[in-house]
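Visitor: I would like to understand the words used for this model, and what stands behind each of them. Could you take me through it?

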Amino acid sequence: MIRYRNDIDENTNIWFEGRGYNIGFIDDVKQLRVAAYCRVSTDNVAQSESLENQRQHYQEYINPHPNWQLARIYFDEGISGTKLNHRNALKELLADCHNHRIDLVITKSISRFARNTIDCLKYIRDLKAINVAIFFEKENINTMDAKGEVLITIMASLAQQKSESLSQNVKLGLQ
């Protein structure tokens, strides 16, 4: 944490457990440009409050990290997560990643990111190929971890099944 403080330089002495230490050098730590992606599937009032809560959460989550710079919070409102159609914020996020404006994407869960297994894996692999990680908070998965893809495949499949089941229930209810 010392290297992230502006009030310390190579001439500063640090005292730890009764012993003095000189700082030999301070390495230049790259600021990660971090974006958040939020989505709510309907545009009713409760969901819009959820969207605002997600925005506030990510500002509070990203800002305290000294080597993170909040790039942008992207949000899709009233949009299903099953397809990329009409998910303009996700399209913008992916474009900004490809244009090297973002290093890390944080989102609440796999189901917020995508409810279609094939699309989810496609976006993840696409971003991973350009060294952009996605961190799924709820599942505690970072796409740059080796175990990440296996877990993501399982979780994305479950999210897709849930979405399909809900859709079938709504159709039966309407009939």
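Visitor: What is the bridge partner of Leu 104 in strand 6?

Guide: The bridge partner of Leu 104 there is Ala 133. Please bear in mind that this is a predicted model, where local features need pLDDT of at least 70, side-chain atom pairs count only at pLDDT 80 or more, and totals for chains, interfaces and linings use all residues. Residues are numbered from 1 along each chain as its sequence is written, and side-chain values use heavy atoms, with hydrogens and water left out.

Visitor: Why are strand 5 and strand 6 said to pair?

Guide: Two strands pair if DSSP finds at least two bridges between them. Strand 5 and strand 6 have four bridges, in the parallel sense, so they pair. Strands themselves are DSSP runs of E with at least two residues, helices are runs of H or I with at least four, and both are numbered from the N terminus.

Visitor: What makes strand 6 and strand 7 a pair?

Guide: Strand 7 covers residues 141-142. It is joined to strand 6 by two bridges in the antiparallel sense, and at least two are required, so these strands pair as well.

Visitor: Which way do the residues of strand 6 point?

Guide: Ala 133 and Phe 135 point one way, Ile 134 and Phe 136 the other way, and all are buried. Buried means under 20% relative accessible area (exposed is over 50%, partly exposed in between; 1.4 Å probe, protein chains only). Of the 175 residues of the chain, 34% count as buried.

Visitor: What makes a group of residues a nonpolar core?

Guide: Such a core is a set of buried Ala, Val, Leu, Ile, Met, Phe, Trp, Tyr and Cys residues joined through side-chain atoms within 4.5 Å. The largest has 21 residues, and Tyr 37, Leu 93, Val 105 and Phe 113 have the most contacts inside it. Helix 2 gives the most to this core, with five residues. Apart from it lies another core, of 13 residues, including Ala 36 and Leu 104.
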